[in-house]
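Okay, thanks for coming, everyone. Let me put the thing up on the screen, and then we'll walk through a few parts of it.

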Amino acid sequence: MDSMLLLYLMSEIFPHRIRAIYIDHQLQKVSAVWGTFVQKHAEALNIPFILQKVSVDTGNLEQQARNARYQAFQQHLNENDILVLAHHQQDQAETLLLRLFSGAGIHGLAAMQPMDIRQDLTIWRPFLDLGRQQIAQWSQQIGFEYVTDPTNSDTHYDRAWCREVLWDVLEQRFPKMQLAIARTSYLMQDAAEILDDLLKSDYQKCVRSNQLDLIELSELSDARQRQLLSLWIKGEDQYRPSYDMVQRIKNEVILAKPDAQATLHIHQHYYVRYQKKLYRLTHNELYAEKISPLSNSQLECHVLGQTIQVAAGKFKLESQKVGLSTQLLGKQLSLIKREGGEKIHLYGRVGHWPLKKAIQDAQILPWLRHTIQILVVDNVMLGVFSPKGFWLAQSEYLEQDGWQPSLISDCNDVLQQSFYDDE
């Protein structure tokens, strides 16, 4: 009834600027018949009509059907289109109660917004302040047909149970309960907006893309720490993680013993602590060494200005006051993967140092250390490629006005780009 009323009112207000879409979840035998029914009304109103069938994944049926529905909507939305939905005041109150029962915070209890502007779509809910009685009255005055979905009263589903069982009990005791709950959602929206302003400041102070500064985080109150962690873990997802999940991040990773290999897997990311920072990594980033193990290879450096790509990142051959001999340009050099136990005599330093010590001093992230490669010619170490740059080694191949590879972008940038390309 509410969706059909929306169709008729929109045809009056925006007769030449709307399209109607019917999502067939294919969960009921009569769903195709309902699609034909909607199409008949849309055509009578001269409204372009789209019928989109979707497949609903297994799991929580209500949640999976919602996900499939919104994915289908986005397939048909053009730039600057607005998705208009018929959610009304009882829907809003039900949503708040169900989220309250699941232990939601301020953002969850804010429920639905009349104008919901997201990153990938904009939703308008013009009925959100209308009670079901008002919708039924308007529907009778217009006099259109509509379909009643039997699952709307199937108490197997949480929302239907709330509507069919709980609602009457609450309204008998609190006659204005629905209006009060809906009003609470707007108060929560105000609170969420204020909290977001504060979080924005904390986020700018503590977060740099995929890493969170734990020293800066520790200066915030416990409540602000939880809110910032929740927002950061959410990332590009639609919903925030549960309270328990945020507490696990704090207790099992952030507050773990200094020598612990603290890692926690949440959804598609891994959270790893290293050197007073918390990192959010994809599977490809954390396990890059196992996914694409390195082998020894050859490298040709031809001319100054040439850009080369090695495991540690992208480098450019540039002239330096002291560097490698120009006689090496054009020769075939070898890239040797690190096996452990190697020593390097860094240019400008006395004696040989364990390469492992140089890596630790440079604070190279553990999951990037496999990208370190040793540049060799005729069994002589020329230097080491690392995500922090090229480390020049002392050798007979050094000369004044020589050349060195200069880091342009490290392997972390390359790995992230590869991940997004895969997506």
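So, which residue stands opposite L212 in β10? That would be L278. Quick housekeeping before I go on: this is a predicted model, so local features need pLDDT of at least 70, side-chain atom pairs count only at pLDDT 80 or more, and totals for chains, interfaces and linings use all residues. Residues are numbered from 1 along each chain as its sequence is written, and side-chain values use heavy atoms, with hydrogens and water left out.

Back to that strand, then. Strands here are DSSP runs of E, at least two residues, and helices are runs of H or I, at least four, numbered from the N terminus. Two strands pair if DSSP finds at least two bridges between them. Zooming out, there's an open sheet of 5 strands, in the order β6-β7-β10-β9-β8, with antiparallel pairing. At the edges sit β6 (207-208) and β8 (263-266), each pairing on one side only. Helix α11, residues 243-254, packs on that sheet and touches β8, β9 (269-274) and β10; contact means heavy atoms within 4.5 Å. The direction of α11 makes about 160° with that of β8. For that angle, axes are lines fitted to C-alpha atoms, for helices over the stretch in contact, and angles run from 0 to 180 degrees between N-to-C directions.

Now, rings. Searching the whole structure turns up 9 aromatic pairs. The rule: rings of Phe, Tyr and Trp (its six-membered ring) pair if their centres lie within 6.5 Å, with planes under 30 degrees apart stacked, over 60 edge-to-face, and the rest tilted. Take F14 and W124: centres 6.5 Å apart, planes at 70°, so edge-to-face. F14 is in the loop between α1 (2-13) and β1 (20-24), while W124 is in strand β5 (residues 122-124), so the pair ties together parts 110 residues apart in sequence.

F144 and Y146 make another edge-to-face pair, because their centres are 6.4 Å apart and their planes at 70°. Buried or partly exposed? F144 counts as buried, at 10% relative accessibility, and Y146 as partly exposed, at 40%. (Buried is under 20% relative accessible area, exposed over 50%, partly exposed in between, with a 1.4 Å probe and protein chains only.) Ring pairs link Y8, F144 and Y146 into a cluster.

Last one: R349 lies over the face of W353, 3.9 Å from the ring centre. The cut-offs there are NZ of Lys or CZ of Arg within 6 Å of the ring centre and within 35 degrees of the ring normal.
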